[in-house]
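User: I want to read a model feature by feature. Please give me the general idea each time, then the case at hand.

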Amino acid sequence: MKTILSLLFLAFALHSGAQSYEPEKVNKKAIELFEKALVKLQDGQLKEAVPLLDKAIKADGKYADAILSLASVHAEMKDYKTAVEQFEKGRALDTAYFRFYNLPYSINLAGLGRFDDALQAINQFLAIPTLSDRSRKSGEYRKRTYEFALQYAGKNPAGDYVFAPMNLGDSVNSDKSEYYPSITINDSMFVFTRRGEGFREDFFECTILPDKKYAKSKLINGDINLESSKGAINISQDGEWLIFAGYNFRGGYGDFDLYISYYTPTGWSDPENLGRNINTESWESSPSLSPDKRALYFSSNRPGGSGGKDLYVSYRLPNGKWGPAKNMGTSINTAGDELAPFIHADNATLYFTSDGLPGYGNSDIFLCRKGPNNEWSLPENLGYPINTIENEGSLFVAADGKTAFYASDRSDTRGGLDLYTFELRQNVRPARTLYVQGKVYDVKTGKGLPSAVELIDNENQKAVSNVQTDETGQYFITLPVGKDYTFTVNRKGYLFFSELFPLSKNNPDSTYNKDIPLQPIELNASLVLKNIFFDVNSAQLQQVSLIEINKLLQLLTENPTLRVQINGYTDNVGKPADNLKLSANRAKTVVDYLVTQGVDAKRLLYKGFGETKPIADNQTEAGRAQNRRTEFVIIGQ
């Protein structure tokens with residue numbers, strides 16, 4: 001509204017400088033209609049002003065003030081196409097009179113994605129020698145955004161990419177505003193925030209049907225909606241936790257704090273404040289939980305940041321508490337506002353909004369990628385047309401890496417902001433993911449065991465995911481496709497579990513269920529080391545074997561009185577005597593490694609059995625592979 005009125009007053013001030021437009025000769029009826037439209041505009045009644053301006057222009061087709069005012073009204077309503085058409089009609093009447101309007105004209109050209117034309121228009125505006133400092137500063141800012149847009153397009157050609165957001169429909173959207181979408185990794189549950197009357201905000205949920213349609217949304221079950229002042233919401237990838245922003249809840253520290261609610265058979269539990277390590281007397285909001293539930297990203301305007309609102313991260317400690325939140329640094333945070341972080345299911349791609357980084361104007365969406373040493377890349381703009389000259393809001397990307405959701409007030413909105421889905425451009429997609437779920441339990445009693453579950457990248461032998469099962473032993477892990485992993489489970493008092501997951505050639509978006517039995521540490525308990533590999537006909541360990549041997553080393557270190565025997569076995573290929581010697585040498589290699597790592601040799605024995613104790617058919621390669629094994633047996637405690 002301020003933009004429209006300032007343009008109108010500017011036009012009046014420029015009357016004396018007109019070349020061919022003569023305001024004093026305008027039809028009196030047109031002036032009367034125009035003045036009525038001005039009253040509507042001053043009251044913020046944009047739509048009501050449009051027909052009055054149309055009539056004024058019909059009464060006098062050369063009434064530049066009315067034409068340019070109509071252009072400004074359409075610009076305010078984000079109808080860029082009509083705004084540009086009207087601006088160009090006004091320009092045709094008198095280019096000198098129009099020159100100050102090159103600023104809003106350029107903005108609407110940029111709104112249509114015509115950044116070349118926008119740059120030309122803004123350069124004409126900046127060529128005016130009498131510009132005020134404020135006007136020049138505004139023009140130079142817009143010039144930088146247009147130049148950025150052209151540079152980005154040059155480096156990132158759109159190709160055949162089509163940006164076609166689809167409204168999620170009446171099952172999700174209403175005549176109120178909907179925003180902050182969040183979805184479980186298997187697309188079974190969709191949650192979001194809906195604005196109510198006044199400042200009330202409520203949390204809604206709906207299920208996603210097999211045909212990708214949406215069931216009718218409803219209020220989230222439980223007492224979570226009893227408090228009226230809430231905001232951003234995020235559901236954990238496994239659907240077990242909700243983390244959200246609440247204002248002045250009981251136990252709060254002031255302003256908006258972050259709270260957690262847990263799923264129960266009767267609905268979501270009473271919200272719990274996430275505590276002093278995350279919340280302060282300042283504003284905390286925009287939560288996003290990592291897929292392994294070990295990192296929480298959020299935005300805060302607490303003192304000590306880079307500017308307005310900064311991004312922070314807190315890591316969950318082994319005791320389940322959240323560690324002190326850390327500012328994500330000046331490579332991400334700016335003097336402006338960084339908001340709406342979203343960590344994808346790949347646990348390595350972070351999206352967020354910023355109005356302080358170079359972009360298209362106002363607030364854009366950016367992404368950062370986590371490197372092999374857990375450092376974040378420099379922010380990357382998602383580009384036009386995902387980002388525009390308007391403020392962009394929160395983004396959520398499904399596990400498939402290409403399906404995105406966001407809130408917008410596009411022309412087909414049911415009212416205010418609606419939720420839309422669209423396909424991400426290829427170069428700004430995260431990694432596609434697999435996920436593994438199951439239960440860890442006691443092999444003798446069948447009782448679920450809370451345990452530490454770890455996935456290790458076989459290529460670099462570094463952990464890519466560490467999760468703690470829940471109290472019933474249930475776990476849920478997401479991981480990027482295209483790699484092979486070793487899957488290990490540890491719990492005090494039990495033998496560890498280890499198994500190779502060769503997933504580099506598996507399809508993305510696949511689900512793997514793996515229930516894991518753990519054996520109590522006791523005399524004669526044994527465990528086959530499934531991921532110990534040797535070179536052919538050799539006792540030379542392959543590097544990937546150290547992942548599992550180091551788990552055995554950890555077991556021996558944590559249980560210093562434990563004594564074990566390493567047994568080696570082969571298949572029936574070759575001479576029995578050679579196989580017997582080879583199996584013994586391989587078992588000895590494992591013992592030798594453990595000794596070099598500080599284990600007392602008196603705690604270790606080894607023995608080779610060759611081909612004498614097969615556990616599978618030696619007639620097939622799969623069977624022979626099972627027979628080529630290494631195991632350890634507890635021989636003393």
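**Reading the model**

Analyst: Start with one cysteine: C368 is buried, with a relative accessible area of 0%. Buried means under 20% relative accessible area, exposed over 50%, and partly exposed in between (1.4 Å probe, protein chains only). C206 is also buried, at 3%. This is a predicted model, so local features need pLDDT of at least 70 and side-chain atom pairs pLDDT 80 or more, while totals for chains, interfaces and linings use all residues. Residues are numbered from 1 along each chain as its sequence is written, and side-chain values use heavy atoms, leaving out hydrogens and water.

User: How many disulfides does the rule give?

Analyst: A disulfide is a pair of cysteine sulfur atoms within 2.5 Å. The count here is 0.

User: What is the volume of the largest pocket?

Analyst: Work on a 1 Å grid over the protein atoms alone. A pocket is an open set of points with protein on both sides within 12 Å along at least five of seven lines; a cavity is a set where a 1.4 Å probe fits but cannot get out; lining residues have an atom within 4 Å of a point. Points join across faces, edges and corners, and the volume is the space filled by probe spheres set on them. Here the largest pocket holds about 1,400 Å³. It has 45 lining residues, and N391, A407, S408, D409 and L417 are the closest to its centre.

User: Which strands supply the lining of the largest pocket?

Analyst: Helices (H or I, at least four residues) and strands (E, at least two) are DSSP runs, numbered from the N terminus. At least two lining residues come from each of β2 (178–183), β6 (230–235), β11 (284–289), β15 (338–343) and β20 (403–408). The lining of the largest pocket has 18 nonpolar, 16 polar and 11 charged residues.

User: Now the second largest pocket. Which residues are the closest to its centre?

Analyst: Its volume is about 1,000 Å³. Of its 42 lining residues, W241, K293, R316, Q468 and T469 come closest to the centre. Strands β8 (256–264), β10 (272–273), β22 (433–442), β23 (452–457), β24 (462–468) and β25 (474–480) each give at least two lining residues. By class, 15 are nonpolar, 14 polar and 13 charged.

User: How many cavities does the rule give?

Analyst: There are 4 of 30 Å³ or more. The largest cavity has about 120 Å³ of space. Among its 14 lining residues, the closest to the centre are Y180, P181, P341, S394 and L395. β2, β6, β11, β15 and β19 (395–397) each supply at least two residues of this lining. Its make-up is 9 nonpolar, 5 polar and no charged residues.

User: Which members of the largest nonpolar core touch the most other members?

Analyst: A nonpolar core is a set of buried Ala, Val, Leu, Ile, Met, Phe, Trp, Tyr and Cys residues joined through side-chain atoms within 4.5 Å. The largest has 81 residues, with F190, L382, L395, F422 and L424 touching the most other members. Contact means heavy atoms within 4.5 Å. Leaving out residues up to four places away in sequence, L382 touches Y152, Y351, I365, F366, L367, N387, L395, L424, R425 and V428. Apart from this core lies another, of 27 residues, including I521, L541, I549 and L594.

User: Why is helix α7 largely enclosed?

Analyst: Count its buried residues. Helix α7 (residues 102–111) is largely enclosed by the rest of the structure because 9 of its 10 residues are buried. Those are N102, L103, P104, Y105, S106, N108, L109, A110 and G111. Just after α7, G113 takes a positive phi of about 85°.

User: What is the phi of S286?

Analyst: S286 is not a glycine, yet its phi is positive, about 55°. S286 sits in strand β11 and is buried at 2% relative accessible area. K78, also not a glycine, has a positive phi of about 65°. K78 lies in the loop between α4 (64–76) and α5 (80–93) and counts as partly exposed at 37%.

User: Is the peptide bond from Y384 to P385 cis or trans?

Analyst: It is cis, with omega near 10°. P385 lies in the loop between β18 (380–381) and β19.

Methods: Nonpolar A, V, L, I, M, F, W, Y, C, P; charged D, E, K, R; others polar.
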